[in-house]
Amino acid sequence: MVKTIPDGPSVLYIDKHFIHEVTSPQAFKGLEKRGLKVFRPQQIVATADHNVPTINQHLPIQDFLSRNQVEQLIENCKNYGIELYGLGHPYQGIVHVIGPELGITQPGMTIVCGDSHTSTHGAFGTIAFGIGTSEVEMVFASQCLLQTKPKQMRINIEGELNRGVVSKDIILHIISKISASGATGYFVEYAGSAIRNLSMEARMTICNMSIEMGARGGLIAPDETTFDYIKGRLFAPKGEDFERKVKEWKELYTDGDALFDHELFIKAEEIEPMITYGTNPGLGIAINAMIPKMEMVEDEKERKTIVKALEYMGLQEGQKLVGMPVKHVFIGSCTNSRIEDLRAVAEVIKGKKKSDSVNVMIVPGSQQVARQVREEGLDKIFSEAGFEIRQPGCSACLGMNEDKIPAGEYCISTSNRNFEGRQGAGARTLLASPLTAAAAALTGVVTDIRAIIS
Amino acid sequence: MKAFKKITSQFIPIPVENIDTDQIIPARFLKATTREGFGKNLFRDWRFYNDDEQQPKEEFILNDSSYSGEILVAGKNFGCGSSREHAAWALEDFGFRVVVSSFFADIFRNNALNNGVLPVQVTEEFLEKIFSLDKNDTLTIDLENQEIIIDKTGETEKFGISQYKKECLINGYDDIDYLLSLKQEIEEFELSRK
């Protein structure tokens with residue numbers, strides 16, 4: 001914190017700024033117009049992920065506008081001396097996958113990016129949040145942002161997770177409880193034994209979707225799991241530096257007597273594999289549950305929202321989703337495209353074939369993840385099962401690049417948003433975990449993973 | 001940034017909750033590298049069938065020429081989802097200076113303010129009153145006094161905004177000017193942490 005304006009925001013210093021091709025060009029243009037330089041180019045890392053094809057990345061991008069956008073990023077990074085992990089670079093990938101895996105993301109940092117899923121980095125005990133393009137320009141110009149202090153919420157999850165339940169189910173469960181706006185205005189700390197027992201990848205999935213309940217950021221106190229993950233990574237501190245840093249990082253926890261504006265307690269045992277049926281991530285149910293009957297929804301506006309969502313989704317109140325055919329399975333996105341996600345999918349499908357009625361697209365989150373997939377032989381498992389393995393990028397998460405779901409068709413997706421048209425105009429998204437996605441890939445219908453795994 | 005003091009205008013009501021920025025401007029229109037021209041794609045998939053301007057969805061209010069005005073009034077949790085500032089650019093380019101809702105998503109709120117579009121947060125009750133008005137009725141938004149007024153009845157509600165942002169909007173200043181003025185303090189801060 002550089003300073004605080006009386007009756008106004010504070011000036012927050014930004015340690016790391018990630019940028020990508022879609023939300024940065026107008027910020028560079030603004031800078032140019034003002035005749036400014038980038039103030040701290042060495043604290044910025046760039047990649048191309050949102051608007052890139054996920055096949056033939058070695059060839060020029062076919063779509064003119066997309067190519068132009070990616071080329072502008074290259075040009076801007078060159079002009080302003082910013083490190084770029086662009087297409088073809090061994091570190092390229094989804095911005096929220098590469099930051100952690102390269103060891104750039106470290107506890108205690110302030111991190112921003114022109115992308116709402118920047119909350120992902122909070123898994124390392126960072127203050128990380130998404131910003132708009134004007135704010136990207138502010139960070140370019142001054143390495144600072146004006147921010148007001150958010151309210152604080154803690155979500156405690158205690159206990160052991162059930163079989164077939166993974167971190168994606170935890171966060172979908174939370175959002176279904178508190179709604180898509182339940183944490184707006186807050187930063188959320190996730191705590192409790194069920195959270196502490198999660199791997200870093202699993203923690204990232206949870207923090208990633210903080211924004212889907214409105215929270216700009218979500219964070220988890222760093223611990224040995226965090227330090228073990230960071231140790232030895234490319235840009236992580238080394239040797240004595242690392243030991244000294246770990247000592248600092250160990251101080252980053254919430255005081256025992258800290259007061260929160262809101263606190264929530266959830267028993268891990270109550271969480272089941274989850275799936276969404278509506279057009280915001282809060283409209284989720286346990287995989288075997290019924291879509292609510294409208295007579296059970298008390299709030300009139302909530303009822304209106306659900307009716308509109310069901311109409312778009314082509315679903316009925318009171319319906320069960322299990323057994324419903326789906327045409328597409330998408331495994332990828334900044335929520336679930338890390339090596340652990342892909343290992344979990346491989347374990348479910350190993351030696352099996354996908355259903356003939358379903359297209360399965362699996363998109364590693366980064367070049368590094370893709371390399372690991374090959375080294376571990378997971379690619380063979382995927383291709384023998386009939387999955388289409390793509391190259392790293394945001395892919396079918398956002399209906400921007402070439403990867404889209406056709407109108408009216410259902411897709412079980414490991415991504416983060418089921419908004420109308422999110423995966424392509426008219427596309428119908430069912431959000432779920434990588435395990436549930438893998439189960440649907442095998443059966444071609446919405447399936448309870450617990451029926452497949454022993 | 002355009003300065004904002006006070007406006008009186010008819011309004012366009014969209015009584016839908018959780019309007020996310022993917023609806024305001026779908027991702028396929030984010031390939032542009034300038035800030036201009038997003039208005040024609042505002043609410044694109046709610047306005048047209050099959051992405052075709054020749055096939056307007058007649059029932060959608062932006063296609064109803066009897067509604068007009070610089071004020072958009074929408075349900076709770078407006079602007080949730082993606083951080084795309086293109087949503088604010090699209091609203092501004094279409095001609096909206098104010099969005100009224102009972103609740104705004106945080107990132108959208110900042111993006112709007114950074115583009116001279118004023119988010120006015122009102123109570124659910126006040127929002128319902130606005131939704132029940134006639135299409136020819138007008139609203140007045142007075143930033144100086146932080147008031148929204150239903151002109152026909154004179155009913156008024158106060159709305160919140162930080163004094164800093166209010167000054168910025170009234171004068172058309174943006175944050176960068178202010179941040180640049182702090183350069184020395186920022187450099188001192190950097191040194192203090194080394």
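Student: Is A:Ser119 buried or exposed?

Tutor: A:Ser119 is buried, because its relative accessible area is 0%; buried means under 20% relative accessible area, exposed over 50%, and partly exposed in between, with a 1.4 Å probe and protein chains only. This is a predicted model, where local features need pLDDT of at least 70, side-chain atom pairs count only at pLDDT 80 or more, and totals for chains, interfaces and linings use all residues. Residues are numbered from 1 along each chain as its sequence is written, chains are lettered from A and ligands numbered from 1 in the order in which they are written, and side-chain values use heavy atoms, with hydrogens and water left out.

Student: Where does A:Ser119 lie?

Tutor: A:Ser119 is in the loop between strand 6 (110–113) and strand 7 (127–130) of chain A. Helices (H or I, at least four residues) and strands (E, at least two) are DSSP runs, numbered from the N terminus.

Student: What does the side chain of A:Ser119 reach?

Tutor: The backbone oxygen of A:Cys207, at 2.9 Å. For polar contacts the rule is a pair of N or O atoms within 3.5 Å; within protein, one must be able to donate a hydrogen and the other to accept it, and residues adjacent in sequence count only if both atoms are side-chain atoms. Leaving aside neighbours within four places in sequence, A:Ser119 is in contact (heavy atoms within 4.5 Å) with residues including A:Ala128, A:Asn208 and A:Arg216.

Student: And A:Gln42, buried or exposed?

Tutor: A:Gln42 counts as exposed because its relative accessibility is 57%. A:Gln42 lies in the loop between helix 1 (25–33) and strand 4 (44–47) of chain A.

Student: How many cavities does a search of the whole structure find?

Tutor: Four of 30 Å³ or more. On a 1 Å grid over the protein atoms alone, a cavity is a set of points where a 1.4 Å probe fits but cannot get out, and a pocket is an open set with protein on both sides within 12 Å along at least five of seven lines; lining residues have an atom within 4 Å of a point. Grid points are joined across faces, edges and corners, and a volume is the space filled by probe spheres set on the points.

Student: What lines the largest cavity?

Tutor: The lining has 24 residues, and A:His50, A:Asp115, A:His117, A:Leu398 and A:Arg422 lie nearest the centre. The space inside is about 220 Å³. Eight lining residues are nonpolar, 11 polar and five charged. Ala, Val, Leu, Ile, Met, Phe, Trp, Tyr, Cys and Pro count as nonpolar, Asp, Glu, Lys and Arg as charged, and the others, Gly among them, as polar.

Student: Which residues lie nearest the centre of the second largest cavity?

Tutor: A:Gly399, A:Gly421, B:Pro26, B:Ala27 and B:Arg28, out of 13 lining residues. That cavity has a volume of about 70 Å³.

Student: What does the side chain of B:Asp45 make a polar contact with?

Tutor: With the side chain of B:Arg28, at 2.6 Å. B:Asp45 sits in helix 2 of chain B and counts as buried because its relative accessibility is 18%. Not counting residues up to four places away in sequence, B:Asp45 touches A:Ala425, B:Pro26, B:Arg28 and B:Lys57.

Student: Pockets next. What is the volume of the second largest pocket?

Tutor: About 1,200 Å³. Its lining has 45 residues, and A:Lys308, A:Tyr312, A:Glu420, B:Val16 and B:Trp46 lie nearest the centre. Helix 10 of chain A gives the most to that lining, with eight residues. By class, 17 are nonpolar, 10 polar and 18 charged.

Student: Which residues touch the most other members of the largest nonpolar core?

Tutor: A:Phe382, A:Phe387, B:Phe43 and B:Phe78, in a core of 84 residues. Helix 14 (residues 434–443) of chain A gives the most to this core, with seven residues. A nonpolar core is a set of buried Ala, Val, Leu, Ile, Met, Phe, Trp, Tyr and Cys residues joined through side-chain atoms within 4.5 Å.

Student: How many residues of helix 14 of chain A are buried?

Tutor: Nine of its 10 residues. The buried ones pack against helix 5 (167–178), strand 15 (328–331), helix 11 (339–349), strand 16 (359–362) and strand 18 (410–413) of chain A.

Student: What happens at the start of helix 14 of chain A?

Tutor: A side-chain oxygen of A:Ser433 reaches to within 3.2 Å of the backbone nitrogen of A:Leu435. After the helix comes A:Gly444, with a positive phi near 80 degrees.
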